[in-house]
Amino acid sequence: MRSRDGNRSITRAIFSIILLNSLALDAKEFLISYRYMVKDATIYNESLYISASMKKCTGKPYNPLLLPSFGDDDIKLTIEKNSNTFLDYIHKLGLHVIHDEVTTNAQNKSTTILTLKTTCFKVDFNENFAKIAPLK
């Protein structure tokens, strides 16, 4: 059906550009935080927390990541199966770093903590992949 002014093809082109470049309208929102602690050059603790958002997050998605989802809609399982890729992605987003180093009686002790503050991510599941994007 044509519009009154005959701009059917322009309307369709704009709609397809918006649909393809953005996340789907039914994308789910999750809160994700990450903490990694190294003591004396040994991994001491690593924690990744994922929970569904209780209320609508604000912001626009940016820098999306595509992960194979194996046909499931479980974000925890998808991230678990692709943990190295997701952790590399989180490191590239930017982490807060705290480093402390003390030398006593010729013994060096150091502690480094990397933290991703709780961030809202939009996740859109497809049959083959999950598109994950943080909100800014």
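Biologist: What volume does the largest pocket have?
Modeller: The general idea is that rolling a probe the size of a water molecule over the atoms shows where empty space is left. On a 1 Å grid over the protein atoms alone, a pocket is an open set of points where a 1.4 Å probe fits, with protein on both sides within 12 Å along at least five of seven lines. Its volume is the space filled by probe spheres set on the points, which are joined across faces, edges and corners. Here the largest pocket has a volume of about 160 Å³. This is a predicted model, in which local features need pLDDT of at least 70 and side-chain atom pairs count only at pLDDT 80 or more, while totals for chains, interfaces and linings use all residues. Residues are numbered from 1 along each chain as its sequence is written, and side-chain values use heavy atoms, with hydrogens and water left out.

Biologist: Which residues line the largest pocket?
Modeller: A lining residue has an atom within 4 Å of a point. The lining includes Tyr62, Leu93, His96, Lys117 and Pro134. By class, six lining residues are nonpolar, five polar and one charged. In this scheme Ala, Val, Leu, Ile, Met, Phe, Trp, Tyr, Cys and Pro are nonpolar, Asp, Glu, Lys and Arg are charged, and the others, Gly among them, are polar. Strand β5 (residues 107-125) gives the largest share of the lining, five residues.

Biologist: Which residues of helix α3 are buried?
Modeller: Buried means under 20% relative accessible area, exposed over 50%, and partly exposed in between (1.4 Å probe, protein chains only). Of the 136 residues in the chain, 31% are buried. In α3 (residues 83-93), the buried residues are Phe86, Leu87, Tyr89 and Ile90. They lie on the same side of α3 because they cover an arc of only 155° around the axis, taken from the directions from the helix axis to the C-beta atoms. Asn84 and Lys92 are exposed, on the face turned away from that buried side. After α3 comes glycine 94, with a positive phi near 115°.

Biologist: What do the buried residues of α3 pack against?
Modeller: Contact means heavy atoms within 4.5 Å. The partners of these residues are β1 (28-39), β2 (42-52), β3 (65-68), α2 (75-81), β5 and β6 (129-134).

Biologist: What does serine 33 touch?
Modeller: Leaving out residues up to four places away in sequence, serine 33 touches Ser47, Leu48, Tyr49, Leu116, Lys117 and Thr118. Serine 33 lies in strand β1 and is buried, at 15% relative accessible area. Tyrosine 49 belongs to strand β2. Its C-alpha atom is 5.6 Å from that of isoleucine 32, 17 residues away along the chain.

Biologist: Where is asparagine 105 placed, and is it buried or exposed?
Modeller: Asparagine 105 is in the loop between β4 (96-104) and β5, and counts as exposed at 74% relative accessibility. Its phi is positive, near 50°, in a residue other than glycine. Alanine 106 is found in the loop between β4 and β5. Alanine 106 is not a glycine, yet has a positive phi of about 65°; at 79% relative accessibility it counts as exposed.

Notes: Helices (H or I, at least four residues) and strands (E, at least two) are DSSP runs, numbered from the N terminus.
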